[in-house]
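Please keep the viewer open and follow along point by point.

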Amino acid sequence: AFLDQLALEWGMDAESFTAFVENLALLKSGPIATEDDLEELRKELAERLKEVYRELEGRLAPLGAAVDMYRVPERLGVYFGDGEIYVRNVLARKRAVYVEHPAEKALAERLSLRQLVVVHGPKGEGKSVLTRVALAKKIIGDRAVVVEVREKVDVDTLVERVDTIRETGREPVLYFDPSKPRHYPRRPWEGARHMPHSAEELALLEVVGAVAHDEGVAGVVVLSDDLYALVRDRLGAHVAVEVRSDDARFLQALVESYSGCPGEVAAEVAREVGKYGDNRALAAALAGDWLKREGCRREAVAEALRRAEGRAVDFALDYIWYAVLGGSRVRANVYAPLIVLRGLEGPIPVKLAKRILIDLGKSSDEVKGSEVVGWFAKWHHSTLEKAIEKAALSPVNREKIEPEELYQTLVDGFNELKKRGLIEKKEKAIDSGRIIDLIRSGLADDMSQLSE
């Protein structure tokens, strides 16, 4: 059990972690004659780290398959109990009570027709959560099996899966959501860049559309409006369900769900959220969580929503400063270097994040069990990811952001990383050699615990 927990803290499963340690031991035992040899070893270890994460991702899916099959709603992050529906919430933390979306009925009706359904709308409007709940209800009510397309897959492979499900007497439903937020662990060594939609994604959309049409099965794909406009003519026959979270009652209920605050407080905040043109469901969730941390004091939250003037990324920056970091310069100084690294390189496993902070002179008591470290170790909604990236790049590019206290803190964190040799300004990247040293140091401590 200890090995499993230890592996999880390094972002791996037990088997991959064991192989990783063995590889480190082999590297360490080899002769190092020159600095050039050492650099080669560092590059080799970096590549092996990437291979470990690629291998782990492959093992999470059935052997040789590029799809996941869900027979129970929990696999979709949806939970039924006590007369309520709970979902893994957009803050990637605990479950939240699901608030019925105004578009849910339309989506359920379209799915019952066994055809391709496209759920589209602006970003951050709740499309992914709505779709997962609708699919979970199909699993419960119709004994459906949800087939999620995740990576490269051809028509024949997908048809084979559909046929296999039908042979068991259950109904297959295809599911593809290229906008779904990623959560840790997901290749922490690869950068958190928001790349344009790839040709692979577009090809997968066509595969899902073709199988849904030719095999007469229900399929649902979740697309932002910009991607839908790009691929609409390539999807073939389909029906569309537009998702817009501009309903005042829905937004108020969402704020109440995340905050637990009285209706009057939630209503005022929801009115400000409703003025946004997109990311309203996300903004309502962030505002609700912020309200909860503020003991339902609404003034700061409402003012931040107004100050952002509909720019969800700017509101997210306020959320990071005031809600995640508590609006405390002292607390933020502890985590500023981690935020810079997180924005440049993507989520860093909790264990390694703590090692980095301690190596920078932070107190182990401060970072042990830290909610902040855990928060930055996760993938979040793409809008939050953009906010984290904007914050991290602000000291690199010398572009000021608001809140000013956050910017000044990140400048200090960036300079601290440069001073300690953990980051190279020219390449805006982590020094892999220093990180490897920290990994080895952490593993040495962990191995001593294992030996006991």
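This is a predicted model: local features need pLDDT of at least 70, side-chain atom pairs count only at pLDDT 80 or more; totals for chains, interfaces and linings use all residues.

1. Setting aside neighbours within four places in sequence, Ser394 is in contact with Glu399, Ile401, Tyr407 and Leu410. Ser394 itself lies in helix α18, which covers residues 382-397.

2. Is Ser394 buried or exposed? With a relative accessibility of 1%, Ser394 counts as buried, because the cut-off for that word is under 20% relative accessible area. Its side chain also has a polar atom 2.6 Å from the backbone oxygen of Ala391.

3. Next, please find the cysteines. The structure holds 1 disulfide, formed by Cys261 and Cys296, whose sulfur atoms are 2.1 Å apart. Which parts of the chain does this pair tie together? Cys261 sits in the loop between α9 (248-259) and α10 (263-273), while Cys296 sits in the loop between α11 (280-293) and α12 (299-308), so the bond joins parts that are 35 residues apart in sequence.

4. Stay with the disulfide for a moment to look at its handedness. The torsion about the S-S bond of Cys261 and Cys296 is about -95°, and therefore the disulfide is left-handed.

5. How accessible are the two cysteines? Cys261 has 6% relative accessibility and counts as buried, whereas Cys296, with a relative accessible area of 24%, is partly exposed. The reason they fall into these classes is that buried means under 20% and exposed means over 50%, with partly exposed in between.

6. Now turn to the sheet. In which order do its strands run? It is an open sheet of 3 strands, ordered β2-β3-β4, with antiparallel pairing. The edges are taken by β2 (78-81) and β4 (95-97); each has a single partner strand, so one side of each has no neighbour in the sheet. On average, neighbouring strands here are turned by 30° against each other, direction ignored.

7. Strand β3 (residues 84-88) pairs with β4 in the antiparallel sense over 3 bridges. Along these strands, Tyr86 stands opposite Val97 in β4.

8. Finally, what packs on this sheet? Helix α5, residues 127-142, does so, touching β2 and β3. The direction of α5 makes about 55° with that of β2.

Technical notes:
Residues are numbered from 1 along each chain as its sequence is written. Side-chain values use heavy atoms; hydrogens and water are left out. A disulfide is a pair of cysteine sulfur atoms within 2.5 Å. Helices (H or I, at least four residues) and strands (E, at least two) are DSSP runs, numbered from the N terminus. Buried means under 20% relative accessible area, exposed over 50%, partly exposed in between (1.4 Å probe, protein chains only). Two strands pair if DSSP finds at least two bridges between them. Axes are lines fitted to C-alpha atoms, for helices over the stretch in contact, and angles run from 0 to 180 degrees between N-to-C directions. Contact means heavy atoms within 4.5 Å. A polar contact is a pair of N or O atoms within 3.5 Å; within protein, one must be able to donate a hydrogen and the other to accept it, and residues adjacent in sequence count only if both atoms are side-chain atoms.
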